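Work through the exercises below with the model open. Try each task before you read its solution.

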Amino acid sequence: MDTKITPQMIFEKIPALAAHFRIALNMRKSREKVRVLVVEDQLFSRKILTELLQKDFLVDAAASAKEAMRLYMENAPDIALLDIELTDDSGHTLARFIKAIDPDAFIVMVTGNNSVEDVALAKSNGVNGFIVKPYNKSKIFECIDKYLIAHPERQPKGQV
Amino acid sequence: MTDPVNLDNLHEMTGGDSELEKELFTVYLGSAEECLTALHANQGAGGEETWRTQAHAWKGMSLNLGAEKLGGLCATAQMNHLAPPDEKAKMLAEIEAEFAQVKDFLKDKT
C-alpha cells in the first residue's frame with residue numbers, strides 16, 4: 001500500500017466505493033452480530049484468531065494492509081484487530097487510514113513486539129487497545145467487551 | 001525435561017477441537033519450513049531485512065502455538081538481524097535444533 005494514498009483520493013477516484021462505504025456504515029448500526037476484521041499476515045496466527053472469533057461474531061480476515069482496506073470499506077466492521085508488522089505496510093499506517101475514513105472505528109493493535117515506540121505510535125493514532133502476542137482468549141475477549149461496553153447499542157441480545 | 005510446546009493456550013483458543021488443532025499444526029509446520037528456508041537464504045549481506053521479517057513472523061506463530069523457547073530464539077534472531085553471517089549461522093543452528101524438537105513433538109498430532 002502506498003502510504004501517500006489518502007481516503008479522499010480513493011473516494012474521489014472511485015465514488016461508488018464512497019457510496020458503498022456510507023451504506024456499510026449505516027448497516028453497521030442495525031447489524032445483528034458484531035463484525036470483526038482480523039488483519040494478520042501469518043496464516044497460522046490468522047487462522048487461530050478467526051476460528052476463535054467466528055463462533056460468536058461475523059469475521060473478515062485479511063492477510064495484507066491492502067486487503068484490509070478493501071474489506072473495511074466493504075463491510076464497515078465494528079472492531080478491527082490489526083497486526084503491526086504486515087508484509088505490505090505497517091499496521092500503524094492502516095490504523096491511521098481507518099481512523100480517517102471512520103473516526104468511530106474501534107481498533108486494537110496486535111503485535112509480537114512490545115516496543116515503547118509501537119505503544120506510543122498506537123496511542124497517537126487513537127487506537128482503542130493493544131495486545132501483545134501470544135494471543136489468548138481472555139485478552140481478545142477483554143477487548144471485545146471493552147467495545148461492547150462503549151457501544152451498548154451494538155450489543156446484540158443474547159450475545160456476549 | 002520440559003515439552004518444547006505448551007499447548008494449554010492453544011487448547012483454550014480452539015475449545016479443544018482436535019481436528020482444528022491438527023489443521024493448525026500442519027499450517028504451522030508448513031509456514032515454519034518456509035521461514036527456515038528464508039533464514040538460510042538470507043544470512044549474508046543484503047539479506048538483513050528479510051532475515052528480520054522472517055524471524056519476526058516465525059516468532060509470532062511460535063508464541064501463538066506455545067513453542068516459547070523457539071519463539072525466544074526467533075526473537076533473538078530478529079533483534080540481531082544486523083549480526084555478521086557467522087553469528088547468524090549459530091543462531092540458525094539453535095533455531096533448527098529447537099525446531100526439530102517441536103516437529104518431533106507435533107509429529108503424532110498431525
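**Exercise 1.** Which strands of chain A does helix α3 (residues 43-53) lie across, and at about what angle does the helix run to β1(A)?

Solution. The model is predicted. Start with the strands: α3(A) lies across β1 (35-39), β2 and β3 of chain A. Then take the direction: the helix runs at about 170 degrees to β1(A).

Now repeat the step for helix α7 (residues 137-150) of chain A. This helix lies across β3, β4 and β5 of chain A. Its angle to β5(A) is about 175 degrees.

**Exercise 2.** Find the strand order of the open sheet in chain A, and state how the strands pair.

Solution. Trace the 5 strands across the sheet: the order is β2-β1-β3-β4-β5. The pairing is parallel. Next, find the edges. β2 (58-62) and β5 (129-132) of chain A each pair on one side only, which makes them the edge strands. Finally, check the twist: from one strand to the next it averages 20 degrees.

Zoom in on one pair. Strand β3 (residues 79-83) of chain A is joined to β4(A) by 5 bridges, and the two run parallel. Within this chain, I79(A) has F106(A) in β4(A) as its bridge partner.

**Exercise 3.** Describe the fold pattern and the dimensions of chain B.

Solution. List the elements: chain B has 5 helices and 0 strands. Along the sequence the pattern reads α-α-α-α-α. Compare sizes: the radius of gyration is 14 Å, close to the 13 Å from the globule rule for 110 residues, so chain B is as compact as a globular protein of that length. The box along the principal axes is roughly 45 × 25 × 20 Å for the C-alpha atoms. Buried residues account for 36% of the 110.

**Exercise 4.** Which helix of chain B gives the most to the side that touches chain A?

Solution. Begin with the contact: 16 residues of chain B meet 15 residues of chain A. α1 (8-14), α2 (18-41) and α3 (48-65) of chain B each supply at least two residues of that side of chain B. α3(B) gives the most, with 7 residues. Sort the side by class: 8 nonpolar, 6 polar and 2 charged residues.

Notes. Residues are numbered from 1 along each chain as its sequence is written. Chains are lettered from A and ligands numbered from 1 in the order in which they are written. This is a predicted model: local features need pLDDT of at least 70, side-chain atom pairs count only at pLDDT 80 or more; totals for chains, interfaces and linings use all residues. Two residues are in contact if their C-beta atoms, placed from the backbone, lie within 7 Å. Helices (H or I, at least four residues) and strands (E, at least two) are DSSP runs, numbered from the N terminus. Ala, Val, Leu, Ile, Met, Phe, Trp, Tyr, Cys and Pro count as nonpolar, Asp, Glu, Lys and Arg as charged, and the others, Gly among them, as polar. The radius of gyration is taken over C-alpha atoms; the globule rule is 2.2 Å times the number of residues to the power 0.38. A residue is buried if 20 or more other C-beta atoms lie within 10 Å of its own, exposed if 12 or fewer, and partly exposed in between; C-beta atoms are placed from the backbone. Two strands pair if DSSP finds at least two bridges between them. Axes are lines fitted to C-alpha atoms, for helices over the stretch in contact, and angles run from 0 to 180 degrees between N-to-C directions.
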